[in-house]
Amino acid sequence: MCTVEKRGNLFILTLTGDDEHRLSPSLIDSILAALSQIRAQASPGSVLITTSHGKFFSNGFDLRWAHAAGSVSAAADRLSHMVHIFKPVVAQLLSLPMPSIAAISGHAAAAGFILALSHDYLIMRSDRGVLYMSEVDLGLTLPDYFTALFNSKIGSGSVRRDVFLRGMKVKGEAAVRMGIVESAHDGDDGAMKAALRLGEQLAARNWEGEPYAEIRKSLYPGISRLLGLPEKLRRSIEIEG
């Protein structure tokens, strides 16, 4: 499942174990519980870093669990259920009252890519792991909030085309050039150290969480509206002459 560790102002959410971290209902519930815990303990200067053990950051929805339902219709129902219950994870990350960093230690595919992209900053390994939207290869359509998130976060139409319509598997250095990730580093240790450095830099700014979250939502209005994230009334600022 996942664990939460607090190091000073840094919250480190780790997907544990050496499996593919497929987003089954139980793992989704575990992530939501962890995010609720982090939100409850947030204070000015807090930062979230999400990472994982093993070869995979997350290999997407648990299609094996879906197919285990037996019939095609039952499998489709289970997949729809995962799409539905994963949406609040994206909403929680986009409204989280602190900066967030995904330290991508391995493959991030389909919903696993979406999990990473829901963070403010993405940091990858350069020597292993890919970002991959597998839906076109699997013959699956995209949930509306997946597309909306990509449209909000990735400005290049050609990058979105290649990721969605070509099923391109994007490695670390290429992901930096394409503007998807912040930086790429050698090894799991290198990526995590870079995430911790960035986290400490962001924590040192000592930002208040609620204004940070509101600014983030205003930066991505399309996906925020789709996720039903309400925009709170902006504080009035008086400037004395």
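Predicted model: local features only at pLDDT ≥ 70, side-chain atom pairs only at ≥ 80, totals over all residues.

Modeller: Helix α1 passes α3 in a left-handed crossing. The two helices, α1 with residues 25-41 and α3 with residues 72-94, pack at an angle of about 20 degrees, and their axes are 10 Å apart. Since angles under 35 degrees count as roughly parallel, α1 is therefore roughly parallel to α3. On the α1 side of this contact are Pro25, Ile28, Ile31, Leu32, Leu35 and Arg39. They meet His81, Met82, Ile85, Phe86, Pro88, Val89, Gln92 and Leu93 in α3. By class, the contact of α1 with α3 comprises 11 nonpolar, two polar and one charged residues.

A further neighbour of α3 is helix α6, residues 144-153. The axes of α3 and α6 come within 11 Å and cross at roughly 25 degrees, which means that α3 is roughly parallel to α6. Here Val83, Phe86, Lys87, Val90 and Leu94 of α3 meet Tyr145, Phe146, Leu149 and Lys153 of α6. The contact of α3 with α6 has seven nonpolar, no polar and two charged residues.

Phe86 takes part in the contact with α1 and in the contact with α6. The largest nonpolar core has 57 residues, of which Phe86 and Leu131 touch the most other members. Helix α3 supplies the largest share of this core, eight residues. Leaving aside residues up to four places away in sequence, Phe86 touches Leu23, Ile28, Phe61, Ala111, Ile114, Leu115, Tyr145 and Phe146. Apart from this core lies another, of 14 residues, including Ile12, Val47, Ile123 and Ala194.

Note on methods: Residues numbered from 1 in each chain as written. Heavy atoms only, no water. Axes fitted to C-alpha atoms, helices over the stretch in contact; angles between N-to-C directions. Helix = DSSP H or I, 4+ residues; strand = E, 2+ residues; numbered from the N terminus. Parallel < 35°, antiparallel > 145°, perpendicular 65-115°, else oblique. Left-handed = near helix turned anticlockwise from the far one by under 90°. Contact = heavy atoms within 4.5 Å. Nonpolar A, V, L, I, M, F, W, Y, C, P; charged D, E, K, R; others polar. Core = buried A, V, L, I, M, F, W, Y, C linked by side-chain atoms within 4.5 Å. Buried < 20%, exposed > 50% of the residue type's maximum accessible area, 1.4 Å probe, protein only.
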